Amino acid sequence: MSSSGQALRVVFFDAAGTLFHLPRGVAYHYALVARRFGVELDEAQLSPAFGRVWREIPAPVTTDVPRPDDDRGWWRELVERVLDDCAESKLDRDAYFAELYPHFLEPGVWELFPETLEVLQALHGRVSLRIISNFDRRLRSILATLGIAEFFDDVVISSECGADKPDVRVFALALERAGVAPEEALHVGDDPVADWEGAEAVGMHVCRLARPDNTLRELLSVTSIPPTTCNASPPAHQSP
């Protein structure tokens with residue numbers, strides 16, 4: 001990144017896949033919780049099933065207001081489809097989902113990327129740091145558990161604003177709450193559609209995170225707002 005250009009006032013971050021990730025993968029956790037019910041699920045089957053469902057399932061309904069169930073029903077439908085794809089028939093699915101959903105709040109499930117803390121510490125106080133994420137209210141607990149909640153001035157979550165990235169309304173709301181114009185803000189994310197195209201559509205600058213080609217450390221030299229130019233395909237990194 002160069003250091004010439006307009007002064008940077010805000011850096012917005014995506015959350016899962018950008019700041020932190022599931023080091024063991026989604027399938028590991030689905031199988032782990034299933035074993036609590038005495039059922040063995042094949043991770044080798046679960047992983048591609050999750051990827052297929054993640055790509056095919058429609059996004060939550062756009063409401064422009066907080067969704068009353070915090071997207072819990074959408075996650076339940078996703079889990080049902082994954083289990084159907086695996087032809088699973090032994091689980092009590094109500095009980096399974098009731099255990100699986102909060103499992104992703106347990107310590108040790110998520111992990112910061114190696115450079116995340118270093119970068120947040122370096123940027124904190126230089127610019128306002130904020131989050132724009134397609135997630136639900138569990139995100140705030142995850143940020144606190146990972147020890148990074150204190151770095152962020154605001155967290156904009158899709159389930160609370162009733163729209164999902166790349167919808168420009170999510171980005172516009174985040175800009176309004178930050179009190180900045182799009183050209184004064186940089187959005188950092190790993191998803192070419194939700195993050196890159198979404199932020200560019202509203203006029204924000206974009207840091208195109210594409211590990212392993214680049215990392216968040218590129219931000220350490222930023223005093224202005226140049227975009228990066230790498231390309232990547234988004235991984236399936238979210239989970240119930």
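Predicted model: local features only at pLDDT ≥ 70, side-chain atom pairs only at ≥ 80, totals over all residues.
The crossing of α3 with α4 is right-handed. On the α3 side, the contact is made by Arg72, Trp75, Arg76, Val79, Glu80, Leu83 and Asp84. Helix α4 contributes Arg93, Asp94, Tyr96, Phe97, Ala98, Leu100 and Tyr101. By class, eight of the residues in this contact are nonpolar and six are charged, with no polar residue.

Helix α3 (residues 72–85) also packs against α2 (residues 43–56), with axes that come within 9 Å and cross at roughly 130 degrees. Helices α2 and α3 are therefore oblique as well, and their crossing is right-handed. From α2, the residues in contact are Gln45, Leu46, Ala49, Phe50, Arg52, Val53 and Trp54. These meet Trp74, Trp75, Leu78, Arg81, Val82 and Asp85 of α3. The contact of α2 with α3 comprises nine nonpolar residues, one polar residue and three charged residues. Trp75 takes part in the contact with α2 and also in the contact with α4.

The loop between α2 and α3 contains Asp70. Asp70 is a residue other than glycine with a positive phi, near 55 degrees.

| Cis peptide bond | Omega | Location of the proline |
|---|---|---|
| Lys165–Pro166 | about 15 degrees | Pro166: loop between α7 (158–161) and α8 (168–178) |
| Arg211–Pro212 | about 5 degrees | Pro212: segment after β7 (205–208) |

How many cavities of 30 Å³ or more does the model contain? The count comes to one. The largest cavity holds about 50 Å³ of space. Its lining includes the run Phe104, Leu105, Glu106, Pro107, Gly108, Val109 and Trp110. Ile142, Thr145 and Leu146 also line the largest cavity. Of the lining residues, seven are nonpolar, two are polar and one is charged.

Note on methods:
Residues numbered from 1 in each chain as written. Heavy atoms only, no water. Axes fitted to C-alpha atoms, helices over the stretch in contact; angles between N-to-C directions. Helix = DSSP H or I, 4+ residues; strand = E, 2+ residues; numbered from the N terminus. Parallel < 35°, antiparallel > 145°, perpendicular 65-115°, else oblique. Left-handed = near helix turned anticlockwise from the far one by under 90°. Contact = heavy atoms within 4.5 Å. Nonpolar A, V, L, I, M, F, W, Y, C, P; charged D, E, K, R; others polar. 1 Å grid on protein atoms, 1.4 Å probe; cavity = no way out; pocket = protein on both sides within 12 Å on 5 of 7 lines; lining within 4 Å. Points joined across faces, edges and corners; volume = space filled by probe spheres on them.
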